[in-house]
Amino acid sequence: MKGWTVLIGRKVTVLGGGVAGLAVARALALSGAEVEVLEQADAIREVGAGLQISPNGARVLRALGLDAALDGAGPKAEAVQLIDGETGGQVARLDLGQLRPGAGYHFVHRARLIEMLAQGARDAGVQIRLLHQIESVDLSGERPRLINAQGASQETDLLIGADGLHSKVRMALNGRVAPFFTHQVAWRALIPCEPDAPNVAQVFMGAGRHLVSYPLGGGLRNIVAVEERHSWVEESWALEDDPMNLRVAFEDFCPTVKGWLAQVEKVNLWGLFRHPVAEHWYGNHTAILGDAAHPTLPFLAQGAVMALEDAWVLAQSLASHDSDEAAFAAYQAARHDRCARIVNAATKNARNYHLSGVQRAVGHLAMRAASRFAPEKLVGKFDWIYEHDVTDERDVTPS
């Protein structure tokens, strides 16, 4: 972290011990702040399966001094393969090693990423305090006030809300906004992975549904399956479902998929909801980041990566401005439009995987042609996401 002294000795409270909270805690501590993380659980853990860290997120982890830990956390992606879910035939293959050599796409178990960030935060001097259930946040006074489940309160000089999808800090800044059910649900599961499996993200596409799978290392394979449906499902990461429901939803897919799903013993199901990007990201010595600011659908694998980008930009803004107000304003200005664009792109991406009938035939034909004759064009579609570098010093020079 480069050389300004504004944060030395500042006391910062981070609410939430997930990816966003732990990353911003380490970033702030490396700049000299005295940071505590308040986590409601009894341990730092992550409920979930796998995730992808694209190059824009890997750059942040490298800048935070965690590149070696990232390299040891999971395999690097060699390619992305788009497959007709029913026939098993390849539609397109994007060889990342050839088209983006050295870019750094990683497959990581969520728990390993959390462990890496938690250890990094502790190594930087962050105090992680467990079993802190915060019921509400009061921003009406001179300083932010946190009220716990017993009604007791504590004030803090600087509050960072990294408390996720149902953020109390976001609510204090923006009020309550009802999410919109997308009429899609997602299952996630882990199964054993064959030791010689290629490090390829495979997307099996079908009418109204798709399935993504990739190896995570450590003998595990990640599966995320999405189906369109009209019935409402609770918006929760921890809702369990009968594996048979997953198998039935994909019973007409190819033998590879059915073979994987036959191995699923435990599966979680969650409804996919669209939340608007928060209008207000800061106020009264308080700011939000990650899912608290911009929840996203999982169709570009950018949720955790956007949180990492936020963490770096927020810490750098605080380290390079003389007031919290100016720092937070610069942070929101740097992040809001980019995050909104990513959220919108993720929403649209699901439709490309769920085509049916004539649209599907035409779409797959176009992707096959592009994969064969212009693979760079397919890969380059999202260069605006993956090639972005928030750690570039030209973007964080004090104003």
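This is a predicted model: local features need pLDDT of at least 70, side-chain atom pairs count only at pLDDT 80 or more; totals for chains, interfaces and linings use all residues.
The side chain of Asp163 reaches the side chain of Ser167 in a polar contact of 2.6 Å.

**Around Asp163**

- Asp163 sits in the loop that runs between strand 11 (158-161) and helix 6 (168-174).
- A polar atom of the Asp163 side chain also lies 2.7 Å from the backbone nitrogen of Lys168.
- Although Asp163 is buried, it has no salt bridge. The nearest side chain of opposite charge belongs to Lys168, 6.3 Å away, and a salt bridge would need a side-chain nitrogen within 4 Å of a carboxyl oxygen.
- Setting aside neighbours within four places in sequence, Asp163 is in contact with Leu15, Lys168, Val169 and Ala292.

**Helix 1, an enclosed helix**

- Helix 1 covers residues 19-30, and eleven of its twelve residues are buried, so the rest of the structure largely encloses it.
- Among the buried residues are Val19, Leu22, Arg26 and Leu28.
- The cover over these buried residues includes strand 1 (11-15), strand 2 (34-38), helix 5 (110-123) and helix 9 (303-320).
- After helix 1 comes Gly32, with a positive phi near 105 degrees.

**Salt bridges**

- The structure has 14 salt bridges.
- One of them joins Arg143 to Glu155, with the closest N and O atoms 2.9 Å apart. Arg143 is in the loop between strand 8 (134-138) and strand 9 (145-148), while Glu155 is in strand 10 (residues 153-155), so this pair ties together parts twelve residues apart in sequence.
- Glu155 also meets Arg145 in a salt bridge of 2.8 Å, N to O. This pair links strand 10 with strand 9, the two residues being ten apart.
- Arg143, Arg145, Glu155 and Asp157 are linked in a salt-bridge network.
- Arg143 is partly exposed at 32% relative accessibility, and Glu155 is partly exposed at 35%.
- Elsewhere, Asp310 and Arg335 form a salt bridge of 2.6 Å, N to O. Asp310 belongs to helix 9 and Arg335 to helix 10 (residues 324-353), so the pair ties together parts 25 residues apart in sequence. Both Asp310 and Arg335 are buried.

**Arg176**

- Arg176 is found in the loop between helix 6 and strand 12 (180-192).
- With 69% relative accessibility, Arg176 counts as exposed.
- The C-alpha atoms of Arg176 and His166 are 9.7 Å apart, and the two residues are ten apart along the chain.

Definitions and conventions. Residues are numbered from 1 along each chain as its sequence is written. Side-chain values use heavy atoms; hydrogens and water are left out. Helices (H or I, at least four residues) and strands (E, at least two) are DSSP runs, numbered from the N terminus. Buried means under 20% relative accessible area, exposed over 50%, partly exposed in between (1.4 Å probe, protein chains only). Lys and Arg count as positive and Asp and Glu as negative; His and the chain ends are not counted. A polar contact is a pair of N or O atoms within 3.5 Å; within protein, one must be able to donate a hydrogen and the other to accept it, and residues adjacent in sequence count only if both atoms are side-chain atoms. Contact means heavy atoms within 4.5 Å. The expected span of a helix is 1.5 Å times one less than its number of residues.
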